[in-house]
Amino acid sequence: MQVNVTKPSENLNIVIVGHVDHGKSTLLGRLYADTGSLPDGKLEKVQAICKQQGKEFEYAFLFDAFLEEQEQGITIDTARTFFMWKGRQYIIIDAPGHKEFLKNMISGAARAEAALLLIDALEGVKEQSKKHGYLLSLLGVRQFAVVVNKMDLVGYRQDVFDGIEKEYREFLGQFKAVPAQFIPVSAKLGDNIANRSQAMSWYSGPTVLDTLSAFQKETARSEQPLRLSVQDVYKFDARRIITGRITAGRLKVGDHLVFSPSNKRANIRTVEAFNIEPQPTEGQAGQSIGITLDEQIFVERGEIASHQEHLPSVSTAFRANLFWLGKKPLEKGRKYLLRVATKEVDCEVASIHRIIDTMDLAQQQGSNSVGKNQVAELTLRTKAPVAFDLSASFEATGRFVLVDEYDIAGGGIITELVHDDQEFLREEARRRDFAWVKGEVTVEDRAQQYGHRAAIVLITGGRHTGKSFLARKLEGRLVADGRHAYLLDGENLRRGLDADLSEEERGQTTEMARRYGEVARLLIDTGLIVVSTTNPFGMAYREASEAIRTLVHPAPVIAVHMSKTAEEPPPNTDVVLTGPTDFDAATARILDELKRRGVLAQAIGAKPVFQYSI
Amino acid sequence: MKHLRQLEDQSVYILREAYKHFNNLAMLWSMGKDSTVLLWLARKAFFGHVPFPLLHVDTSYKIPAMIEYRDRLAREWRLDLVVGQNKEALAAGMNHTLGRVVCCTALKTNGLKQLLENKGYTGVILGVRADEEGTRAKERYFSPRDKHGDWDFRDQPPELWDQYKTTFPPGTHIRIHPLLDWTEINIWEYIKLENIPFIDLYLDKGDGTRYRSLGCAPCTTPIKSTAKTVDDIIEELRHTTVAERSGRAQDEGRGMELLRKDGYM
Ligand SMILES: Nc1nc2c(ncn2[C@@H]2O[C@H](COP(=O)(O)OP(=O)(O)O)[C@@H](O)[C@H]2O)c(=O)[nH]1
Ligand SMILES: [Mg+2]
């Protein structure tokens with residue numbers, strides 16, 4: 001038996017897809033058998049099982065390991081198989097073709113760097129042939145070959161092969177997918193798998209095995225701008241290590257990093273690693289890395305680190321192509337958990353633009369839900385701003401999954417940024433923060449001196465709900481406790497800072513809120529706890545509080561909503577006060593919230609102790 | 001070597017996801033080559049620390065050298081070692097002569113289930129590899145087990161890109177498999193690359209035999225081999241066409257499929 005003794009230099013993940021019974025598992029078995037890659041006795045063992053069950057020998061049984069799979073003659077779940085050829089270690093994933101197991105096919109394909117798509121020469125292009133072709137493209141698998149199988153059943157005729165190639169190329173062309181090859185084979189008889197077919201002298205292209213060797217490892221990602229999704233922050237010893245996977249680009253010690261969406265910045269001090277001598281000083285795409293920074297900024301899981309010249313997008317909405325695998329249909333208006341890289345945030349489907357029929361790529365408009373195994377174009381809206389990219393430019397930060405209850409129920413790629421109404425203010429905040437001139441005193445120095453961190457308590461609500469009274473009470477209590485707090489009343493801006501505004505502008509929220517937000521931002525930078533009400537904005541408090549939030553970001557906002565009768569508070573409200581207010585109790589609740597969020601130290605003194613980093 | 005670093009990066013990513021998402025997390029350590037590489041990868045992921053307990057389900061039939069090795073590394077690497085044992089079954093005289101699947105179920109599967117239940121672990125990290133046998137080839141990196149610890153292989157959750165199943169209903173738990181993409185050769189290549197200490201039962205010490213896979217003493221037989229160093233093992237594996245677990249009795253017939261549906265590692 002021929003044995004492969006070369007040392008591997010790299011791994012490549014391949015997936016085999018296509019309609020059920022078109023011969024995927026058979027092709028895989030044949031590939032192993034014809035290259036001498038099966039362990040001793042494996043073939044004989046399967047032969048014995050087949051004989052015992054009174055069945056014809058099937059190569060497919062080599063990897064369809066479950067009893068039920070062999071009994072029904074189908075692949076239920078993907079199998080990872082290992083294959084060494086010419087200095088490369090392949091992990092080949094055999095995907096099920098049955099539409100019931102589409103989620104397993106997708107799990108297999110999502111891991112792959114290249115694919116083989118099988119079409120039965122006798123049956124021709126079927127429903128799942130098309131769906132799988134479309135999904136490969138959606139999943140980002142751009143390298144693939146189309147294998148036209150069972151050529152033995154059509155007398156090895158070239159015209160049959162040509163007909164399928166023409167039809168399928170046209171289909172793929174509609175979404176600009178271009179296969180590397182079309183290969184005529186018989187998996188069962190071994191034509192053009194590892195060995196060149198004697199029966200198809202009209203074909204001079206590569207065999208399946210040659211095609212695998214020609215697939216390339218994606219290496220271009222290191223040349224892209226940097227994307228590092230923060231996975232976690234560790235403090236097991238003296239080092240505060242930020243970990244994550246570099247999904248694009250490279251970084252090195254000394255680089256200035258910007259974290260989005262918080263806009264926090266710092267330089268890389270070290271690259272940390274265990275048992276690597278000498279200690280590394282750089283990293284590149286693909287690596288799971290750990291870095292320390294020259295400043296103790298608080299960054300958390302979900303932020304994307306990049307260089308300042310190439311920032312990711314930040315918004316609360318984007319347009320996407322999605323496939324749905326959930327048992328329950330995806331519904332417009334329902335809440336789901338969105339995961340983009342390491343970020344998790346609540347979201348809802350703002351609109352479903354169309355359902356795409358993968359059979360003919362026809363588009364069906366105006367639906368309120370997406371059923372299991374359907375593909376759709378939609379817009380998602382998130383509860384808080386997220387950093388992301390368009391999938392056309394960055395694969396890993398341009399795709400997402402949706403979690404419904406406990407399960408990943410769908411996935412997709414981001415096709416378009418949707419501008420939200422905070423876009424201009426967010427851009428202003430970003431530019432202002434990047435140019436911010438700092439003194440020698442750091443945020444942490446102030447916190448240590450004051451026994452608390454800076455924050456803003458934002459009290460919203462309609463008229464005569466007691467906002468001003470509560471604000472005053474809270475300011476008084478904080479100062480009595482030895483904290484540095486200040487009541488920022490909008491009235492004080494109106495006659496001074498806002499004096500240049502026209503009567504009309506003063507009647508509108510936009511510019512007034514912007515100025516108020518910028519003043520709050522300045523006060524927060526001095527280390528104060530700013531207590532504020534949306535009084536000057538009257539009933540436009542929702543709009544105003546959104547603007548203020550955007551401008552003071554990423555400082556902690558403790559949102560308190562007051563109303564006489566129960567009503568829907570603005571999004572992200574922390575403390576809801578309804579009905580007649582017990583102001584002492586309300587103050588106590590806000591103080592608790594400040595502690596819980598890590599704003600107030602547990603004890604004031606020479607060495608304040610904060611429960612959480614913020 | 002590049003391929004080993006690619007495997008390492010993926011495993012480290014999975015370990016960090018596990019640590020982030022599971023408050024009550026533990027890692028199974030059988031002292032064999034795979035789970036020891038897994039342990040090493042945890043030290044990689046957490047920069048020299050192992051921030052969760054290591055569980056050893058002791059069947060009492062392990063080879064004594066393995067216990068010595070376990071206790072030595074636990075000391076040197078400051079590990080939080082938790083040893084579990086199905087004492088009831090052992091007291092009742094459970095052993096392999098009563099049937100291999102019966103014995104494995106009682107001492108390993110049930111021993112593990114008892115341990116998980118007592119300690120309330122919701123995430124368990126295991127060193128199983130896809131190339132070991134057919135049902136493991138179909139595993140997910142994050143694989144849910146129901147209230148009875150059973151595996152529903154017909155309905156596994158989707159695993160998309162680097163997004164794994166990390167939420168689950170109360171009473172159930174998740175098995176985490178960071179080594180799925182590693183082959184037996186990769187394990188040895190990595191042991192060599194990182195100079196990881198391993199039990200010398202894997203080497204021939206002059207009698208022309210060595211263990212290729214370590215389980216309980218009565219059910220694991222050594223193979224004929226003159227591999228005296230890690231390099232020898234790697235060279236031998238590059239040329240062999242004998243399955244790794246051919247010396248493991250539980251793999252005969254449909255033994256492994258039955259065991260694994262029931263919650264075996
Ligand atoms: N005649 C012929 N039959 C084939 C060929 N390839 C696969 N088959 C048969 O087609 C059936 C389905 O094959 P299988 O590999 O299980 O298909 P899968 O569902 O795509 O994995 C089996 O009975 C195979 O023996 C081929 O090239 N020629
Ligand atoms: Mg199949």
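Predicted model: local features only at pLDDT ≥ 70, side-chain atom pairs only at ≥ 80, totals over all residues.
Two residues are taken to be in contact when heavy atoms of theirs lie within 4.5 Å.

In chain B, helix H6 (residues 184-194) packs against helix H7 (residues 230-239) at an angle of about 160°, with their axes 10 Å apart. Because angles over 145 degrees count as roughly antiparallel, H6(B) and H7(B) are roughly antiparallel to each other, and their crossing is left-handed. On the side of H6(B), the residues that meet H7(B) are Glu184(B), Ile185(B), Trp188(B), Glu189(B), Ile191(B) and Lys192(B), while H7(B) contributes Val230(B), Asp231(B), Ile233(B), Ile234(B), Leu237(B) and Arg238(B). By class, this contact has seven nonpolar and five charged residues, and no polar ones.

In chain A, helix H4 (residues 102-110) and helix H5 (residues 127-139) pack at an angle of about 40°, with their axes 10 Å apart, which makes H4(A) oblique to H5(A). The crossing of these two helices is right-handed. Residues of H4(A) including Leu102(A), Met105(A) and Ile106(A) meet residues of H5(A), among them Gln128(A), Lys131(A) and His132(A), and the contact as a whole has eight nonpolar, two polar and one charged residues.

Ligand 1 is surrounded by 17 residues, of which the closest are Asp21(A), Lys24(A), Thr26(A), Glu58(A) and Asp152(A).

| Residue and atom | Distance to an oxygen atom of ligand 1 |
|---|---|
| Gly23(A), backbone N or O atom | 2.9 Å |
| Lys24(A), side-chain N or O atom | 2.7 Å |
| Glu58(A), polar side-chain atom | 2.7 Å |

Definitions and conventions: Residues numbered from 1 in each chain as written. Chains lettered and ligands numbered in written order. Heavy atoms only, no water. Axes fitted to C-alpha atoms, helices over the stretch in contact; angles between N-to-C directions. Helix = DSSP H or I, 4+ residues; strand = E, 2+ residues; numbered from the N terminus. Parallel < 35°, antiparallel > 145°, perpendicular 65-115°, else oblique. Left-handed = near helix turned anticlockwise from the far one by under 90°. Nonpolar A, V, L, I, M, F, W, Y, C, P; charged D, E, K, R; others polar. Near = heavy atom within 4 Å. Polar contact = N/O pair within 3.5 Å; in protein donor to acceptor, adjacent residues only side chain to side chain.
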